[in-house]
Amino acid sequence: MTAVADTCTDGRTLLDGGTSLGPAWDAAPAGPDPRLRVVGAALFAVTVVALHALPVLLPALGLAVAAAVAARLPARTTLRRLLAMDGFMVLALASLPFTVPGAPLTLAGVDLAPLSHAGTQQALVILVKANAVMLMTLALAGALGPVRLGRTLARLGAPDTLVHLLLFTVRYLDVLNREYRRLRTAMRARGFRAGANRHTWRSMGWLFGMLMVRSLERSERIAAAMRCRGFTGRFPALADGRPLTGRDRAMALAGAVAMMALAVADRLW
């Protein structure tokens, strides 16, 4: 409650700073409005997913790289996250050139059968789409942090229940984790050792049951404390923020023109 309330009045908390990826836009007072960043990331993702031509997707990937450079994303961390995402897709993408029917892939006059040209192109299209969307999301929305993202969603008109759920989840994940560790420590102090037996499964069931009971009791205490402080179902300060500036509107217009150009080029290709 304290962290959320502090966020409502100050705008930034340790949670923001701890999860920030883009120190440039996050720290600059004249940086893009968070609402534009969230909406821009969503529109860019929808636009890129709708594209089909690989030559049109490459400029989209270039836009994402330019946004990442402008946001000054840490190169090593960003690359590690992209590789982690690509690792999930590599098995599926590697099978496409062998499973999609079509003409054999030819490279420098060499026939690379049984690799198909259509399957290879589909794999590249999916790979470029995923990396472009991921990179733009990290550049625009990843730098916000969960608390500022909650405030931004509130200013965009998202349901209060969704925003409160996000904020309280961020706030109390660490509290629940510490409660879990205390229970595990108490079990070990009583001689419990995990194993593949019925006693272990029953003990773990009691552990998670007790964790749920204590979480429910904690939520009731928090709700009572909030009502005592006049909570009426929403945080009025969540909707506060600076209005859009001329620079914000110019950046929004430039982004819209770029996405429209990509859509038109894909249709004409």
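User: How many salt bridges does the structure hold?
Analyst: The structure holds five salt bridges. Keep in mind that this is a predicted model.

User: Which residues are linked in a network of salt bridges?
Analyst: The network links Glu179, Arg182, Arg214 and Arg218.

User: OK, Glu179 and Arg182 then. How far apart are the closest N and O atoms?
Analyst: They are 2.6 Å apart in that salt bridge. Both residues sit in helix α9 (residues 160-189), and because they are three residues apart, about one helical turn separates them.

User: Is Glu179 buried or exposed?
Analyst: Glu179 is buried, at 7% relative accessible area. Arg182 is partly exposed, with 45%.

User: What about Arg214, where does that one lie?
Analyst: Arg214 forms a salt bridge with Glu179, with 2.7 Å between the closest N and O atoms. Arg214 lies in helix α10 (residues 198-228) and Glu179 in helix α9, so this pair ties together parts that are 35 residues apart in sequence. The relative accessible area of Arg214 is 35%, which makes it partly exposed.

User: And Arg218, what is the N to O distance there?
Analyst: The salt bridge between the side chains of Glu179 and Arg218 has an N to O distance of 3.5 Å. Arg218 is in helix α10 while Glu179 is in helix α9, so the parts they tie together are 39 residues apart in sequence.

User: How accessible is Arg218?
Analyst: Arg218 has 23% relative accessibility and counts as partly exposed. The cut-off for buried is under 20%.

Terms used:
Residues numbered from 1 in each chain as written. Predicted model: local features only at pLDDT ≥ 70, side-chain atom pairs only at ≥ 80, totals over all residues. Heavy atoms only, no water. Salt bridge = Lys/Arg side-chain N within 4 Å of Asp/Glu carboxyl O. Helix = DSSP H or I, 4+ residues; strand = E, 2+ residues; numbered from the N terminus. Buried < 20%, exposed > 50% of the residue type's maximum accessible area, 1.4 Å probe, protein only.
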